[in-house]
Amino acid sequence: MNSKQMPPSEGLTIITTHLNADFDAVGSMLAAQKLYPESIVVIPGFHEKSSRHFFIDAMAYLFNMADAKAIDDAMVKRLVVVDTKQMSRIGDLARLLERKDIEVHVFDHHPALKNDIQADYEVCRLTGANVTLLTETLQANELPILPDEATIMCLGIFEDTGSFTFPSTTPEDFAAAGYLVSKGANLTTIANLLTKEMDADQIGLLNNLIHSAVHHHINGIDVVISSVSCDTYIHDLAFLVQKILKIENIKAIFAVAQMKNKIYVAARSRIPEVDVGTIVAEIGGGGHSFAAAATIKDKTLVETEQQLLEALRKKIKSRQRARDIMSSPPITAEPGISCAEARNRLSRYNINALMVVARAGKNPGLKGFITRQVIEKAIYHKLDSVPISEYMSTEFAVVGPNADIFEIQEKIIENNQRVLPVMENGEMIGVLTRTDLLNTLFQESHEKLLQPHDPLKETLLPRTKMVVGFMKERLSTRIYNLLVRIGKTAEELGYTAYVVGGFVRDLFLYRHNEDIDIVVEGAGIDFAKTFARRAGARINAYAKFGTAVIVFPDGFKIDIASARMEYYKFPAALPTVEMSSIKLDLFRRDFTINTLAVFLNPGKFGKLIDFFGGQRDIKEKTIRILHNLSFVEDPTRVFRAIKFEQRFGFSIGKLTSGLIENAVRMDFFKRLSGRRVFSELCQILKEDNPLPALSRLNDYELLKVIDPGIRFNQALIDRFNSARKAIDWFDLLYTEEDYLRWLVYFLILIRHNDENTSGRICQRFELGPKHQKIFIKNRLHAEALIGQWHRQAPESNSRLYHMLAGFRIELLLYMMAITDYEKLKKMISHYVTDLRNIELSVGGKDIKALGIPPSPVYGKILNAVLDAKLDGEIQRHEEELELLRSYAAQY
């Protein structure tokens, strides 16, 4: 099997789609069949005669098909559903979804609905055609496509985008069609199949629909409902509705047609206020905002029409615009006013956010906004006199005066923005707050008005999705099963468990990471004790922080913590900890990309929750802090921001970068203990290539925090590159010898410091005697040897051996890095690879056997024999013994 295709299932893989399959559905199944070799395609049926005739007569050979009734359910282990996420729309095969042992994959381009199929793996994105999603996958994996296959798939794109005229058409649809044409798609065949001539029955139905049209004014919007009844099934209802939309110039239409014993609904909309996809979903159908359909059984025409009217009243969007609900004029402040003055202004006007506007200078206008939360925290940290420009949010969304309520909602929630400026011709004419949005939404929904409002809940709704299939694919069996057991144990104890942080982040970055952090809503230490007892492991508990480490017999570890919040009594202090919820626990973390969490309890296992836009920032490759005083509370986060930026190839967000500059300017780092600075520096120096991170530290003038004497110049860059080469060389020896790569790089950083300066650096970083000896005495000794060898290199192996014996491997690599002489590098590498591992086969017992009592002379004799072996004078055991006897005779 091609390695780029989906891995085979242990049983049968079935590919299916929705009832009344159209060209897009057929093309999607064909594309999916290429991704899942040896799968079987089950087609619930077609609603177009042209597609049925074309498929059966011409292209059946491309599909490995079977009838749904002929499938042995017991053999099915994977179900692939394309062009729908609705269980009710896949016909008889819906029975397979009731089985928990079947793996479900979904490829769909429709908007998400509450009752969507819960998939183990899904590719779901809004595009004009579903085939587009699968074509992108085929193209990315370079899977071959035959011209006939390209024609079928391209036909689906043309049909579902109205030949690229429907408003749902995306750039991706154009790109996918272009790719399929490059693979041989026949545009003449596509044009012929899409040219539809109406027969007598269709003309009669079109006439009836036009004459039966009734206009309904709902929330200020004109909507047409047309209900008809036919004795026979007439195909292409959706095509006829599209024609009415154009002929009558209607904004939105719902056609309800009873044909035989079923009712068919086809809907089209030209305006955003009428999202026909969500409306038709209320009566059991589905689709996009501009086009949707439903097939209904066991209801009368009247019942369906009444149900549709209820859905329209419930779902049609309001025509209220930003100018109708904004607060005007906006309350503003100059960038230079102090935090204390800003707090007074907030209290005076009883508001929770100030818009920051520069009235003069070279670049006047809106600069950002600052919230009461940020100002209060700044004042708590005794930053009363600091200008608000230092902590205002400078990354923000805006809307125009004609923005509708849904654009306002999206921008406020997606950007986690408490206040939204309304801009017209470059000027701010008003502001919208979360309260404005909530009041408007409540006024529009009687259902919501009946419910008591908790202001906290508006910010507690995370983005969620199921990632079980992704976890199975990415995690080892041991780790996956371990997470399952953790969830079950938490459930039994009445707790909720999550795996959080870097482990989840790296899951989505496709990076290997088995550093598991578990957060428990409940007593974390009690949970750890219970789980460890059942797993035959031990724990190390830290009651002050509510944390524990579970240590397994093989040394594998899991970190457990109670969900907690942290606050800082002063800038750069260690945090004070209190019990909390998962949302507040995640809020205390450093960056949005580290705030993802996955439910582990049964029933919700594998459900990803994202409160703070972590998925967005991973996708956009951006490092962002969670609040504007993040670096005030913990300046070491600056080091981590730079480390993550360079490790992942991300970039630090504009606002976050500005706040780093502020932290440096206000010198919050001077309050950090040396131990914390050294710990963060070591983490950077542990990276495969720490040089880019050091360059960024230099950009932000942060190298002075490590040592004011460090100069980031070409000489330092050259030495770091030389050190990396030496480290890479040693790693390729596969000696499995443990060593500290960060230590080599740190030696490079302090290379030009004398003994006294090096001592002050060690004291600043609170280093113990062991490290002080390495960084001062041993380093200076190593540098002196290199200087000596530049004048005169050791003349023998034995001399080289005794000069280097006792040096740690890190110091040897350091010596290789600081010399430019290849001869000296080769000497040191010769010692590392050959000389240092040479041992004698004779020892003190052999000397004692010659009648010489133990004394210092033993060492002299053995060293003399070792020197001879190092210099190649002897090799075999007999030669060692003979030489030993010779030296012994002299004593």
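Here, buried means under 20% relative accessible area, exposed over 50%, and partly exposed in between, with a 1.4 Å probe and protein chains only. The model is predicted, so local features need pLDDT of at least 70 and side-chain atom pairs count only at pLDDT 80 or more, while totals for chains, interfaces and linings use all residues. Residues are numbered from 1 along each chain as its sequence is written, and side-chain values use heavy atoms, with hydrogens and water left out.

On that scale K251 comes out as partly exposed, because its relative accessible area is 43%. K251 sits in the loop between helix 8 (237-247) and strand 8 (252-259); helices (H or I, at least four residues) and strands (E, at least two) are DSSP runs, numbered from the N terminus. Together with K243, K246 and R270, K251 makes up a positive surface patch. Patch members have over 30% relative accessible area and no salt bridge, and like charges are joined within 9 Å.

Strands count as paired if DSSP finds at least two bridges between them. Strand 8 runs antiparallel to strand 9 (residues 262-269), with eight bridges, and M259 has K262 of strand 9 as its bridge partner.

Turning to the backbone, most residues other than glycine have a negative phi. S163, not a glycine, has a positive phi of about 55 degrees. This serine is in the loop between helix 4 (147-160) and helix 5 (171-182). E766 likewise has a positive phi of about 55 degrees, in the loop between helix 31 (755-764) and helix 32 (769-791).

As for charge pairs, there are 39 salt bridges, each a side-chain nitrogen of Lys or Arg within 4 Å of a carboxyl oxygen of Asp or Glu. E149 and K34 form one of them, with the closest N and O atoms 3.2 Å apart. That pair links distant parts of the chain, from E149 in helix 4 to K34 in helix 1 (residues 23-35), 115 residues apart. Both E149 and K34 are buried. R589 and D585 come to 2.9 Å between the closest N and O atoms of their salt bridge; D585 counts as buried because its relative accessibility is 0%. Finally, a network of salt bridges links E395, R616, D617, E620 and R624.

Terms used. Patch = residues over 30% accessible without salt bridge, like charges linked within 9 Å, V, L, I, M, F, W, Y side chains within 5 Å. Areas by Shrake-Rupley, 256 points an atom, 1.4 Å probe, with all protein chains shown as cover. Lys, Arg positive; Asp, Glu negative; His and termini not counted. Charge placed at Lys NZ, Arg CZ, Asp CG, Glu CD.
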